[in-house]
Amino acid sequence: MILSSDLCLSDQVKILETAAAGLEKKLEAANSRLKSLTAEYLNESDSNEVIKEILIRHFNDEPLYVNPSGDDLTKTAQIIKASQTMSRKTACETGPVSLVQNLLDFKTATEPPFGPEMALMRSNHAGDCWAACGSQSSLTLQLAKPSIVESIVLEHVPYAVATYQSALKKFVVRGFENVDESPILHFDGEFHMDERHPHVQLFPLPEAKPISVLQLETLTNHGNADFTCLYRLRVYGKQQ
């Protein structure tokens with residue numbers, strides 16, 4: 001908005017106040033519309049939580065639920081091995097497939113599910129996840145440099161706005177100096193998916209020597225036998 005220099009100060013203030021009031025009404029209307037869209041299956045308190053979740057995910061890359069220390073090592077990591085991705089074109093087969101096949105599925109997909117790269121990306125939409133075949137899966141990352149890994153952050157969509165059966169549950173994190181060696185870091189964890197827990201959860205890892213390879217293995221999910229959705233994995237620590 002550009003105000004004319006010919007207007008006196010009081011007139012300029014009135015114009016700005018009117019504009020501000022108009023914006024406030026538009027925000028109230030948008031908020032009311034969002035609440036009405038969720039009214040069919042959510043009560044009033046849940047609706048407010050959904051609005052908060054959406055705003056956090058849209059405007060803030062670091063949700064308020066977690067405050068990890070260190071650098072986000074996944075920004076420079078590469079996927080070197082992954083379980084089979086569920087494809088709409090072909091049925092899931094038993095056992096892992098090559099990363100090349102996963103990449104081909106990812107590149108040619110026109111709708112969810114996508115390939116393992118989705119697990120390292122930020123997304124604001126239900127369905128934008130890596131859908132691995134079955135209730136067990138594995139994702140292995142090559143870090144850019146040997147690093148002391150301090151924690152991981154796992155993410156699903158909010159409990160109130162999407163199904164949760166495909167979310168991972170029990171999992172294991174392993175760290176290696178080199179991919180073919182025995183792990184020097186081991187952590188058993190459980191991702192809770194219910195109304196009492198946030199959809200973004202931080203898991204501190206035990207102290208260990210610097211690692212170059214990190215593996216996340218899903219042992220169980222929350223009841224979906226066909227596929228397991230990993231919306232986002234982040235690894236935090238310090239490069240050496």
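Glu217 and Arg174 form a salt bridge in this predicted model, and their closest N and O atoms are 2.6 Å apart. Glu217 belongs to strand 8 and Arg174 to strand 5, so the pair ties together parts that are 43 residues apart in sequence.

Now follow strand 8, where Glu217 sits. Seven of the eight residues in strand 8 are buried, which makes this strand mostly covered. Strand 8 runs antiparallel to strand 5, and six bridges join the two. One place to look is Phe176, whose bridge partner in strand 8 is Val213.

Let's step back to see the whole protein. It has three helices and 10 strands. Starting at the N terminus, the order of elements is α-α-β-β-α-β-β-β-β-β-β-β-β. Among contacts between residues at least 6 apart in sequence, 72% join residues at least 24 apart. Of the 240 residues, 39% count as buried. The protein exposes about 13600 Å², and carbon and sulfur atoms supply 54% of that area.

What about the inside? The largest nonpolar core has 31 residues, and those touching the most other members are Leu139, Ile152, Leu154, Phe171, Val173, Leu230 and Leu233. Several strands give two or more residues to this core, including strand 2, strand 5, strand 6 and strand 10. Strand 4 provides the largest share, with six residues. Apart from this core lies another one, of five residues, with Cys129, Val157, Cys229 and Tyr231 among them.

Which residues is Ile152 in contact with, once its neighbours within four places in sequence are left aside? The answer includes Phe171, Val173, Leu202, Phe203, Leu233 and Val235. Arg234 is also in contact with Ile152, and it is our next stop.

Arg234 lies in strand 10, which covers residues 232-239. Is Arg234 buried or exposed? With a relative accessibility of 1%, Arg234 counts as buried, because the limit for that label is under 20%. The side chain of Arg234 has a polar contact with the side chain of Tyr236, at 3.2 Å. The side chain of Arg234 also meets that of Glu155 in a salt bridge, with an N to O distance of 3.7 Å. This pair links distant parts of the chain, with Arg234 in strand 10 and Glu155 in strand 4, 79 residues apart. Glu155 is buried as well.

How many salt bridges does the structure hold? There are three, and the one still to visit joins the side chains of Lys238 and Glu150, at 2.7 Å from N to O. Lys238 is in strand 10 and Glu150 in strand 4, so this pair ties together parts that are 88 residues apart in sequence. Lys238 counts as partly exposed, because its relative accessibility is 41%. Glu150 has a relative accessibility of 23%, so it counts as partly exposed too.

Technical notes:
Residues numbered from 1 in each chain as written. Predicted model: local features only at pLDDT ≥ 70, side-chain atom pairs only at ≥ 80, totals over all residues. Heavy atoms only, no water. Helix = DSSP H or I, 4+ residues; strand = E, 2+ residues; numbered from the N terminus. Buried < 20%, exposed > 50% of the residue type's maximum accessible area, 1.4 Å probe, protein only. Polar contact = N/O pair within 3.5 Å; in protein donor to acceptor, adjacent residues only side chain to side chain. Core = buried A, V, L, I, M, F, W, Y, C linked by side-chain atoms within 4.5 Å. Contact = heavy atoms within 4.5 Å. Pairing = 2+ DSSP bridges. Areas by Shrake-Rupley, 256 points an atom, 1.4 Å probe, with all protein chains shown as cover. Salt bridge = Lys/Arg side-chain N within 4 Å of Asp/Glu carboxyl O.
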